[in-house]
Amino acid sequence: MKLRTRSNNRLQHRIVVFFVVLLIAVQLTSFLAIRYAIERTAQNSLRDEMRVGARVFKRLLDQNSQQLIEATSVLTYDFGFREAIGTRDRDTITSALRNHAARIKASGMSVIDMEGKFVADTHDESNAGKTYPHPDMVKRAQLLGRTSGIRMMGDKPYQVVVVPVLAPLPIAWVAMTFAIDDGTAGDLQRLSSSDVTFVRVGGAEPQLLATTLPPSRRAPLLAQVRMLIGYGRDGVSTHLGDEEFEVLATPLEDTGDLRIFALLQRSVSEGHAPYLALQAVLMFLAAFALAVTLFGSIRIARRITRPVAELAEAAREIARGNYNVRVNPGGDDELGDLARSFGGMVHELTERDNIRDALGKVASTEVVEMLLRGQIELGGEERDVTIMFTDVRNFTALAETLTPQQSLSLLNEFLTAISEVVEAHGGVVDKYLGDGVMAIFGAPVMRPDDPERALHCALVIRKRVEALGPTLAARGLPHPEVGLGMNTARVIAGNMGSPSRLNYTVLGDGVNLASRLEGLTKRYHVPIVAGSRTRESVPGIVWRELDKVRVKGKTVAERIYEPLGREGEVGAADLARLARWHEALEDFRSRRFTSAHAGFEALADERGYVRIIAIYMGYLRELTANPPRDDWDASFTLYDK
Amino acid sequence: MNSLTECYPRPVKTALRAIVFVLAAAPASHAATLEISVTDARGAPVEDAVVWAMPKTGPAPLRKRDAAIAQRDKAFVPLVSVIQTGTAVQFPNQDPIRHHVYSFSPPKTFELKLYAGTPAAPVLFDKPGEVLLGCNIHDHMIAYVYVVDTPWFAKTGKDGEAKIEGLPAGDYDVQLAHYGQAVAQAAASIRLRGDETLAQGFAVALKPPVPRPQAK
């Protein structure tokens, strides 16, 4: 028992483990694939965004410097300003510079003369007369008309715009300066949606000029500046502190030892944030699917293994001979079907032990089903049945002209034909008796019209055998005749015999009588002899009373009849003869022997009456020799066969 | 004066010739002539180069002459003028719009605020040197005035030629200026005898043109 449980559990476990491992494998694969795709997409889109951001940033810077140039140009064209320059009065000029720088929110403004010397400078008034420190800017302005660039003043970066003071040729240069500080970076951050850092790498140590980064990330950025500038033109990933950043480097000034770059930084995890949410959803779905699979596969495994175990146990019980097992059919699935079939099989086996003989007798599936369902009691009971015995009368004569094989096959042909007719009328063939058949109508299945069925069966057999005559005659065989004895009686029906060899059959005087009546067909030369109860049970038939017989040992004589056919099917001449016969029979039974004799004699040569008239003439002769006693009941005593 | 102004609608060259004619018309006996030829670095003639001869011995005599720089089609005509120190220059505006002529050049700083027609008072150029003229409302307008301390001056035409006539015999420093020259030219020292015609060539290195505001 323990071993069995373990093996069941093993199957169950295997099913569960298989499904769970399969699901995990599938989920892991898809999760990794999705994760890879997500990371790639996130990285690419981040990089693309950064590039767009960088272009925007560069454009912003260009526009910004262009605007500063224009604004400064407008100032230098101001006639008052030019007049102020024209005065060569330093204080006036410095004052004018302050005024004009404030107009466009510049950090400072200088005027440089054509020799490259400060005329005035708002950053440091003492600069006047000194050489302007960025002659390259002036030179560029000379060539291009105006220029803009980033220059260091002290350690601070400034956007420097140099435009000429035209009168109408340049008479001086104006250098307008705009501080690049964290505020500038912040403005650009808002527009390019990236962190912005300005760095200088010209000197020995890279210098961080302005940034929007929090202080904690500045040092790691500064440490990697050279690498970022080297590889970051199209974007590069790096760690700043504990976080991964995508960095894109844009050169702003790259001349000689002055190298100033703008670094755009964007947090990779922030860029990945929407994708992380997606990942979380996927993880949740995966966990949910896993739970459902676990639960479902355990249930399915149990549903498979439990009935299997039950069936195995039941099969073992049956092997031990215990049919009293019930299998729970379960659901509508294959296992339920198996359980039901198994149950059906058990039931069938049980029933078959009881009914295997009855089953052998009935060909009707309807009856078989009734038997199997246990709707028919086979235990033995009294019931009214109609018993029929048949006999092929001159089969022995037939057989003499045939080989054993031929005669057996002919007999089988007969028996088969008779059996078919019996079954067609709802009867069962109880047994074969040599060349005869014993059939029962009313057991094991009882129907209200059993006698009628039996009688019609007899009529059909008679007709069939008559029809067979010409066929056999054509083969040079004698004309076959059939004798049918039938009787309706209360009998005992049930399984009889020893437990190892049970036989379902019927027993009783009525059965014997039917057998005797079959024997009488030879005596009266009629195909069918039926008992009185059969006659009473079947209406609509033209009957010819044959005789009154007393079975030995019985006090009551039985009237016996021959069915001639259905009413309406019998010819008028036959009916007239029948009337005359019954009249003569009545005379005979009323001891009017003289008139009976006359009646018999008148019918003596009629077809179908020759034999019976001969018999009755014999009775009359005997009665004349030995006049009957008073208690004569006109019956004929049947002795043993 | 009137005869001069009538000349203005004609091409610049004619105007220049008029000035040369006026200069040459000065009576002088035993006077020498200086023929100037100016070329650039590639040998092409240079127009609008200004040359003047400064006598080495004492100051040159002042010769009062009228001069005018007109404004026509939003441009100064002529582009380049050369005048003797002490000359008063008229600024007739021939455009239907006003102009605001100014100079911030040290030799002569002045301003003629938005005006039409010819201002009543001419502008006196009383110091030698280069004076740049502009228009405050037309950034592209420009004119060059060379104020020299000698009556002997000339301006090259399209052919790069100029002629200074009526020079008394003596030693001179001949100087050349061009608004586009890269570096100042050293003066050429010459000695003139009476009735002599001397040819003097100059080669100037010109700057590449600088970007300037364009006419709108």
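Residues are numbered from 1 along each chain as its sequence is written, while chains are lettered from A and ligands numbered from 1 in the order in which they are written. In this predicted model, local features need pLDDT of at least 70 and side-chain atom pairs count only at pLDDT 80 or more, but totals for chains, interfaces and linings use all residues.

Start with confidence. The term pLDDT is the predictor's confidence in each residue, from 0 to 100. Chain A has a mean pLDDT of 83. In chain A, 92% of the residues reach 70 or more. Helices and strands are DSSP runs, numbered from the N terminus: a helix is H or I with at least four residues, and a strand is E with at least two. In chain A, confidence is highest in strand β16 (residues 528–531), at a mean of 92. It is lowest in helix α10 (residues 365–372) of chain A, at a mean of 64. Residues 1–5 of chain A stay under 50. For that stretch the model has 1 contact beyond four places in sequence. Two residues are in contact if their C-beta atoms, placed from the backbone, lie within 7 Å.

Now look at the sheets. Strands of a sheet pair through backbone hydrogen bonds, either parallel or antiparallel. Here, two strands pair if DSSP finds at least two bridges between them. Chain A has an open sheet of 5 strands, in the order β2-β1-β5-β4-β3, with antiparallel pairing. Its edges are β2 (118–121) and β3 (147–153) of chain A. Each has a single partner strand, so one side of each is left without a neighbour in the sheet. The twist averages 25 degrees from one strand to the next. Angles run from 0 to 180 degrees between N-to-C directions, and axes are lines fitted to C-alpha atoms, for helices over the stretch in contact. Follow one pair in this sheet. β3(A) and strand β4 (residues 156–166) of chain A run antiparallel and are joined by 7 bridges. Within β4(A), A:Val162 stands opposite A:Thr147.

Chain B has an open sheet too, with 4 strands in the order β13-β2-β15-β16 and antiparallel pairing. The edge strands, β13 (153–155) and β16 (188–192) of chain B, each pair on one side only. Strand β15 (residues 170–177) of chain B pairs with β16(B) over 5 bridges, in the antiparallel sense. There, B:Asp173 has B:Ser189 of β16(B) as its bridge partner.

Strand β1 (residues 32–40) of chain B shows both senses of pairing. With strand β14 (residues 161–167) of chain B, β1(B) pairs antiparallel over 5 bridges. With strand β17 (residues 197–204) of chain B, β1(B) pairs in the parallel sense over 8 bridges. B:Glu35 has B:Ala199 in β17(B) as its bridge partner.

Next come the helices of chain A. Helix α12 (residues 404–424) and helix α13 (residues 450–474) of chain A have axes that come within 9 Å and cross at roughly 150 degrees. That makes α12(A) roughly antiparallel to α13(A). The cut-offs for such words are: under 35 degrees roughly parallel, over 145 roughly antiparallel, 65 to 115 roughly perpendicular, and the rest oblique. The crossing of α12(A) and α13(A) is right-handed. A crossing is left-handed if the near helix is turned anticlockwise from the far one by less than a right angle, and right-handed if clockwise. The contact includes A:Ile418 of α12(A) and A:Val460 of α13(A). By class, it has 7 nonpolar, no polar and 1 charged residues. Ala, Val, Leu, Ile, Met, Phe, Trp, Tyr, Cys and Pro count as nonpolar, Asp, Glu, Lys and Arg as charged, and the others, Gly among them, as polar.

Helices α17 (residues 593–603) and α18 (residues 610–625) of chain A pack at about 155 degrees, with axes 10 Å apart. That makes α17(A) roughly antiparallel to α18(A). Their crossing is left-handed.

Finally, see where the chains meet.
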